[in-house]
Structures are given as C-alpha cells and as structure tokens.
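This briefing covers aromatic pairs, a sheet and selected helices. Please look over the model first, then read the points below.

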Amino acid sequence: ARAESFAFELLPRDEHGREVMGLAARDGKVLLRGSGAVALASALNWYLNDFLNTTYDWSTYQAVFPPVLPEPPEGTRSRVVEVSYHMNVCTYGYSMAFADWAYWEKHVDWMAMQGINLPLAYLGMESVVVRTFARFNVSFEEMQQFISGPAFLPWFWMGNLQGWGGPITASWIDANAALQKKVLSRMRDFGMTPALPAFAGFVPPAFAHRFPGANITRASRWGSLPDPFGAVHMLEPTDPLFQAVGKACVEEQTLAAGTDHIYQCDTFNEMQPRSGDAQYLASWSRAVYGAMAAADPQAKWLMQGWLFLDTEFWTAERMQAYLGGVPEGGLMVLDLAAEARPGWSSTGFFGRPYVWNTLLNYGGQQGMSGNLAKIQAGFAAAMASGKAPQGVGITMEGMWTNYIAYDLTLSQAWGRGARNADEAGLRSWALRFGARRYGHAGGDAAAALWASLYDAAYRRPELDPKPRSGPIAERPRLPSTSAPADLAARPSALAWASLWQQALALSPGVADVRAFRFDLVDLGRECISAAFAERLPELPPA
C-alpha cells in the first residue's frame, strides 16, 4: 500500500569498490539508493529503523508505518565488510525443515534488507544426492536407507548419521527440489550468491557393496547412535572414486539449480579424522576441493570452522595442514561462533579469508539471553587486527530468538552497530532497538522496556549468553540436570514477572503489533520457566 511512496536510484560503488546504500527525498517520495538490489533493500531497512522507528524482523515480517512518511536527509553509507552471511547447516533442521514457499519468500526479502548477500542454500540436496549415486547404480530404495528424515537432514549432510527418522519419500524429495528452485530464483534476483552443498566423502552402504575394492572406512560414531544409523561410510580421499563422485555431485547440483560457484560441505563435523597425520589431513581437503573444481573451475569452498574448536585434536599444525590442502583463493572459513569462541584470534586461519559470525543459539533452545558487549567488542577487535574478516554473519542453530543480538551483528556490515562497545554505547543501542521494535506507537515506553531487558538478559557478563530453555523443557527427571550455578545466575521469576508487567503496560498502544505479541509470549515463557526451575528442588521430597 505504500509502494508508491518510494522511488529507487542505482549508485556506483564507492572509490574503494565497496557496495553503497543511500537515502534522500525527491518529488515528495522517499528515495532509496544503492549499488545493487541488496543495497537498495538495505537502504529500506535503514529508513524503517532510523526514520520510521519500526523493525522488520524474521519472526513477524511486519513493518508498522505511520500515517505520514517523513522525508529522510540525504546520506550514504558504504559497506564495512564485503560479505554478510546467513544460516547454519543445523538451522535447516531446528527451524527450517518444514518452512514453505510463503515463509521463504518473506525470509529472503528480510535477508536482503539485512544486507545478506551470501546465504546458505541447502534445500533440495536430497534430490542431488539421489541422482549422484544413481550414476553409480545405487537404487532409490537403497538411498532411502541412507538419507535421513526431513528434520535430521543437516546431520545427514554432515555425515553424523544416516537413515535416522526416515525413510525419506520421493514426494518429499521432489517438493523440496522444487522449493529450492523458487528460493534460489528469489535470492539471485537480489544478486545474492547462494552457497550450495557439495560432496564431503560420505557414501551409502549400498555404494560400499557395489565397489568392494574401494577404500571405504567408517566415520567416527557421533552421538552414540547405534548401527545402522551411526558410523557412516566414508570414501577415503585417495581413492579415485572420490573425485568421480564429488565431480558428479557438483554436476548434478548445477543441472538441478545452476551454480554461483561457491559450495559448502563439512568433512569432520564433531567427528575426529582417523589419523592426525598432516599429509592425511591435507589429502582430505585437497580431494574435497579438487572434486568441486573438476566440475566447476571457478569453485570456492565455504567451510564451517566449527571442527577447529576441538583444539585437543586440531592443533595449529594439523589445522594448517588441512587448510593448506586447498589452493589460495579456493577457500573461505566461517568462524562460526566468533562472539564466544573466536577462531581468528589464535591462528587467523593461516591467512585464509573468514567470516566473523554470531552463533549464540544451540539446539534451537528458547531463552532471552545474549552478551551484546561480546558481539560489538569482538567484531571491532577483529576489524582492528591484522587479520580482519571478509564478512560478518549470523549462524544460529535455531532462529526466532534473541533478535536484538542478531540485529546488532548484521548491523556491523553497514557500520550501523553501537557507536562504542562500552556500557553507554550498548545501552544506547538497546534503547534505540526498543524504540523501533514495535513501531512509532511504542515510543519511550518500549525503549524503557528494552533498556530493562538489556540490564536483565543482554549485558550481564556472569550470565551464560547461550539461550537456555531451562528444566521445564528437559526430559522429565529428578533431580534436574540443569546446572544450579547457571540457574542462579539468571534473573529470578520475580524479576521476569516485573518485566512481563512492564511489557503488558504497553498493550493498549501496540497490541496489534506482531513483534510485541511475540515478545510478550517470550517474557511469559521466561517467567514460567524461572518459576518452575525455582520450585523444582522442592519436588523430590514430595
């Protein structure tokens, strides 16, 4: 309804070759300016946040407009980093396993508004895998024993399990492949570069039977899964079939959905290689990249750096050997949890380009929590070092929680984060976030609510910043396995109830704002969860 109030103008990149976005007013309209579609969408987000006091977030997709749109002053911003990344492989299980096109269409639009230009695009991988192994005479029925059910596909892709939650159906595979085409089309319309999956070495049991002479071993067992679900077959990198299968995978991927020349896969996600020999580790990365490049000479491997957090195995020497198996320019590393466990600060990934990410959410847990100071100061430290990142991103395992933390992270790409990483700067940022969270009607009261939330949940250094669902979400057991120290550090039920009442006082003006309703439920859950945790110790004697 407000589309006629906006006009668009393409700008050249700045003198340093960086993307640019801008705002101005022209002929009674708001002029959105940018050097590309993502930049134009980012300019819209800038206008919504700073001039309309509204936030278009990933759980409500609602922008609250005032009756009259104010004219913004003329100004431009250049990107601070080249890349804005979005997604974790696990997000496709914890949050997006059953998302349909109606959701994805809005979500891709949200991505563009956040400046995201490098999204992980894993939909439809099952179809690619089926067609790849069909080239090697593995039947669909045999593949059904290999591919997991929909909610567990991320861990199948990473070789942690096989067949769990299956069997997958042909109708699911076809529908997901069709959805992937729609999603990729939308991403590419914005000029994004979707990262597509590639072959990491995991093969179905039937493949091992078809090729008894192949050098096939078993991955280390993950999560204590019993056979036939655990210890997935791995085609060793020195076997000639590795290149054949890997090349076929990228070829089938390209036939199905085209390519943007960047591929994502993980060989040892939470699993140790069978040898720590430097040459052996280098042979793995060399084989993975070589198979990509055999099908696509422009290939670049986007690697999750999560494996390197196992520092007991991944010594600096082993990490260097593994990364060194890929030629210069062929690899980018996702520093997956840089806000809490930065990998860049120790080795700098030996000069390989990397993306600084906030993970924060593990396992899709619910809970209002996150240390904003670690995000702001951590990114600033990386930028000021001699090992500055090529990008910034968000890699939550589960979405739809703690939007303030991810908003702060993504804002760094355009230099729109907190002005300073000190208490005053972060509190000011939280106030601004609150002022725009529920639209113009929220005003000072909403800002005050989020200042209180910042004090309770987003600034306390003694509080584990990872969201915790608490004992109310555990499997029933007495005593609870939640650490008492963790529970003691969190706000009390009474503190959460006070915040809940503060939010309820806003209701008359913002009751129809979906983000307010979302936060109201969030606060209510925290209150109930904290009350349950506090009373739980009284249950065993009863």
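A search of the whole structure finds 38 aromatic pairs. Rings of Phe, Tyr and Trp (its six-membered ring) pair if their centres lie within 6.5 Å; planes under 30 degrees apart count as stacked, over 60 as edge-to-face and the rest as tilted. The model is predicted: local features need pLDDT of at least 70, side-chain atom pairs count only at pLDDT 80 or more, and totals for chains, interfaces and linings use all residues. Residues are numbered from 1 along each chain as its sequence is written, and side-chain values use heavy atoms, leaving out hydrogens and water.

**Aromatic pairs**

- Tyr 92 and Trp 157 have ring centres 6.2 Å apart and planes at 75°, so they pair edge-to-face.
- Tyr 92 lies in helix 2 (residues 91-94) and Trp 157 in helix 6 (residues 153-157), so the pair ties together parts that are 65 residues apart in sequence. Helices (H or I, at least four residues) and strands (E, at least two) are DSSP runs, numbered from the N terminus.
- Tyr 92 and Trp 157 are both buried. Buried means under 20% relative accessible area, exposed over 50%, partly exposed in between (1.4 Å probe, protein chains only).
- Trp 164 and Phe 229 also pair edge-to-face, because their ring centres are 5.0 Å apart and their planes stand at 90°.
- Trp 164 sits in the loop between helix 6 and helix 7, and Phe 229 in the loop between strand 9 (216-218) and strand 10 (233-235), so this pair too links parts that are 65 residues apart in sequence.
- Trp 164 is partly exposed, at 32% relative accessibility. Phe 229 is partly exposed as well, at 26%.
- One aromatic cluster is formed by Phe 199, Phe 242, Phe 268, Trp 284, Trp 301, Phe 308, Phe 313, Trp 314 and Tyr 322.

**The sheet and its edges**

- Eight strands form an open sheet in the order 6-5-15-14-13-12-11-7, with parallel pairing. Two strands pair if DSSP finds at least two bridges between them.
- Strand 6 (118-119) and strand 7 (196-197) are the edges, each pairing on one side only.
- Strand 7 pairs with strand 11 (residues 262-264) in the parallel sense, over two bridges. Leu 196 stands opposite Tyr 263 of strand 11.
- Helix 14 (residues 403-411) packs on the sheet and touches strand 5 (83-86), strand 14 (354-358) and strand 15 (391-394). Contact means heavy atoms within 4.5 Å.
- The direction of helix 14 makes about 165° with that of strand 15. Axes are lines fitted to C-alpha atoms, for helices over the stretch in contact, and angles run from 0 to 180 degrees between N-to-C directions.

**Strand 13**

- Strand 13 (residues 331-335) is mostly covered, with five of its five residues buried.
- Leu 331, Val 333 and Asp 335 point one way; Met 332 and Leu 334 point the other way.
- Strand 12 (residues 300-304) runs parallel to strand 13, joined by four bridges. Met 332 is the bridge partner of Leu 302.
- Strand 14 also runs parallel to strand 13, joined by three bridges. There, Tyr 354 is the bridge partner of Val 333.

**Helix 7**

- Helix 7 (residues 170-189) has 20 residues and reaches 29 Å from its first C-alpha to its last, close to the expected 28 Å. The expected span is 1.5 Å times one less than the number of residues.
- Its buried residues include Trp 172, Asn 176, Leu 179, Val 183 and Met 187.
- Just after helix 7, Gly 191 takes a positive phi of about 85°.
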